[in-house]
There are 2 protein chains.
Amino acid sequence: MAVGIKISLNEKLFLRDPQETALGKKIIKHSIILIDKIGFEAFNFKKLARLINSTEASVYRYFENKHMILLYLLSWYWEWVSFSIDLNTMNIEDPKKRLNIIIRTLVSASKENPSIDYVNESILHRIVIAEGSKAYHTKEVDEENTVGLFTNYKKLCEKVACVISEIKADFPYPHTLASNLFEMANNHIYFAQHLPRLTDVHVTEGNFKEVEKMLQYFAFTLLEKS
Amino acid sequence: MAVGIKISLNEKLFLRDPQETALGKKIIKHSIILIDKIGFEAFNFKKLARLINSTEASVYRYFENKHMILLYLLSWYWEWVSFSIDLNTMNIEDPKKRLNIIIRTLVSASKENPSIDYVNESILHRIVIAEGSKAYHTKEVDEENTVGLFTNYKKLCEKVACVISEIKADFPYPHTLASNLFEMANNHIYFAQHLPRLTDVHVTEGNFKEVEKMLQYFAFTLLEKS
DNA sequence: TTTCAATAATAGTAATACTATCATAAATAG
DNA sequence: CTATTTATGATAGTATTACTATTATTGAAA
């Protein structure tokens with residue numbers, strides 16, 4: 001994947017664009033590392049500032065608060081997945097093959113060639129899995145949705161829903177299945193690692209093949225056999 | 001449903017059993033109301049104490065922290081759903097009919113007769129939908145799982161997984177489907193209300209029929225047509 | 001060389017998440 | 001029917017969090 005792509009994100013996510021300055025990039029890079037390490041609840045701007053030898057006040061010039069950093073990172077991730085899907089399904093006509101590739105990309109996009117030096121996609125993927133649902137489970141969800149802070153995720157679901165409808169035009173739940181594939185991909189990796197009685201799949205150190213297989217089974221059983 | 005049932009929960013969830021005292025019951029009752037009203041992030045023991053005319057220190061005698069109250073409420077809810085399922089599927093032999101009833105119970109257990117005066121199941125259901133996933137998306141998930149703080153949910157999934165296996169013994173993902181039905185039930189009510197582009201179902205003021213229908217479609221397509 | 005924008009350094013405030021101590025009221029045991 | 005235990009209330013205090021404000025410094029652009 002080309003080095004130097006710039007992921008474009010809603011400007012309401014930040015106060016100053018972190019992709020434009022050295023400090024901004026350091027904030028992104030180390031917030032990924034720190035959130036992964038200590039969890040989103042324990043993460044704060046003081047600890048982040050200490051880590052990058054800057055100050056709390058400086059971080060606050062880029063992001064309103066830590067919730068906005070989380071939204072930023074998740075938007076970045078989904079935009080990047082979307083880009084990977086486009087790349088991997090380019091020139092592929094058969095919508096079934098495209099869905100197959102989408103599922104594979106969903107589960108293991110983070111193991112492809114990294115695209116940007118200050119974003120470790122593999123660690124970011126862990127954040128998406130462990131903290132992703134906190135993005136929209138807040139009292140501010142409606143206002144944030146109105147100003148477009150979840151647009152990336154919704155567009156990605158729309159893209160997948162279109163492929164689903166191509167496979168089976170009369171399938172009654174294309175968006176439901178699309179978002180569910182995303183949610184299941186994350187949930188069952190997490191369950192396999194932490195609450196194994198909630199799943200049947202197993203994962204080991206970055207090997208998510210069983211998750212991929214399970215998602216293929218669910219998606220294609222629903223689309224082919226009904 | 002009988003008034004006076006006592007839901008039995010893991011003793012590690014609390015410091016003093018809130019079901020045994022008047023203050024304890026007030027804590028449960030009003031934490032449900034307050035979390036629903038202001039959201040889990042803004043909820044704290046000072047506000048709760050003010051609401052029930054008690055003190056922060058008194059609330060801390062019942063629960064270690066607000067995370068434990070959340071785990072308590074969720075465990076209570078899942079235990080109560082489990083009880084409702086048992087009640088509603090009693091004497092029903094056909095596992096397909098049982099799964100049908102399970103799905104209906106899942107989606108609208110909270111609209112049955114209330115069982116306990118200090119728990120408003122309908123409000124509690126909203127908390128489960130909006131805050132449920134925060135229970136296990138923490139850095140402490142493994143230790144908490146080890147001491148049994150998620151047992152209720154896991155047992156409930158096991159129960160549903162068994163019914164799934166009865167319907168189709170060679171279905172390869174009974175636990176996956178079971179937990180996914182729970183997650184989807186909550187997610188798609190939430191999506192319909194806040195992020196409608198992530199779903200195809202519609203809900204209005206406590207009418208979750210479309211969600212139920214969608215879950216039936218997913219479950220039975222996977223189990224019958226594959 | 002000035003000047004301007006970004007960052008650092010420092011300080012400060014209100015709220016949060018607790019812990020500790022002591023007084024008092026209500027239940028209960030002897 | 002006291003004596004004692006137990007639960008709760010009242011109050012205070014600490015460390016951390018989540019910010020905001022002010023001023024100084026530095027490094028790049030005009």
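Reply: Gladly, and let us begin with DNA strand C: of its atoms within 4 Å of the protein, 64% belong to sugar or phosphate and the rest to bases. This is a predicted model, in which local features need pLDDT of at least 70, side-chain atom pairs count only at pLDDT 80 or more, and totals for chains, interfaces and linings use all residues. Residues are numbered from 1 along each chain as its sequence is written, chains are lettered from A and ligands numbered from 1 in the order in which they are written, and side-chain values use heavy atoms, with hydrogens and water left out.

Me: Why is the approach of Ser54(A) to DNA strand C called a polar contact?

Reply: A polar contact is a pair of N or O atoms within 3.5 Å; within protein, one must be able to donate a hydrogen and the other to accept it, and residues adjacent in sequence count only if both atoms are side-chain atoms. A polar side-chain atom of Ser54(A) lies 2.3 Å from a phosphate oxygen of DNA strand C, so the pair falls within the cut-off.

Me: Which residues come nearest to DNA strand D?

Reply: Of the 17 residues around DNA strand D, these are Glu56(A), Tyr60(A), Ser54(B), Arg61(B) and Tyr62(B). The side chain of Glu56(A) has an N or O atom 3.2 Å from a base nitrogen of DNA strand D, while a polar side-chain atom of Arg61(B) lies 3.0 Å from a base oxygen.

Me: How do you know how much area is buried between chain B and chain A?

Reply: Buried area is the accessible area (1.4 Å probe) that two parts lose on being put together, summed over both. For chain B and chain A this is about 4,600 Å², and carbon and sulfur atoms give 60% of it. In chain B, His137(B), Tyr173(B) and Arg197(B) lose the most area to chain A, together 15% of what that side buries.

Me: How many salt bridges does the rule find across that interface?

Reply: The rule asks for a side-chain nitrogen of Lys or Arg within 4 Å of a carboxyl oxygen of Asp or Glu. Across the interface of chain B and chain A it finds zero salt bridges. The count of residue pairs in polar contact between these chains is 19 (both at pLDDT 80 or more).

Me: Why is the pair of Tyr217(A) and Phe171(B) called edge-to-face?

Reply: Rings of Phe, Tyr and Trp (its six-membered ring) pair if their centres lie within 6.5 Å; planes under 30 degrees apart count as stacked, over 60 as edge-to-face and the rest as tilted. The structure holds 38 aromatic pairs over all chains. In this one the centres are 5.9 Å apart and the planes stand at 65°, so the pair is edge-to-face. It crosses between chains, from Tyr217(A) in helix 10 (residues 209-224) of chain A to Phe171(B) in the loop between helix 8 and helix 9 of chain B.

Conventions: Near = heavy atom within 4 Å. Helix = DSSP H or I, 4+ residues; strand = E, 2+ residues; numbered from the N terminus.
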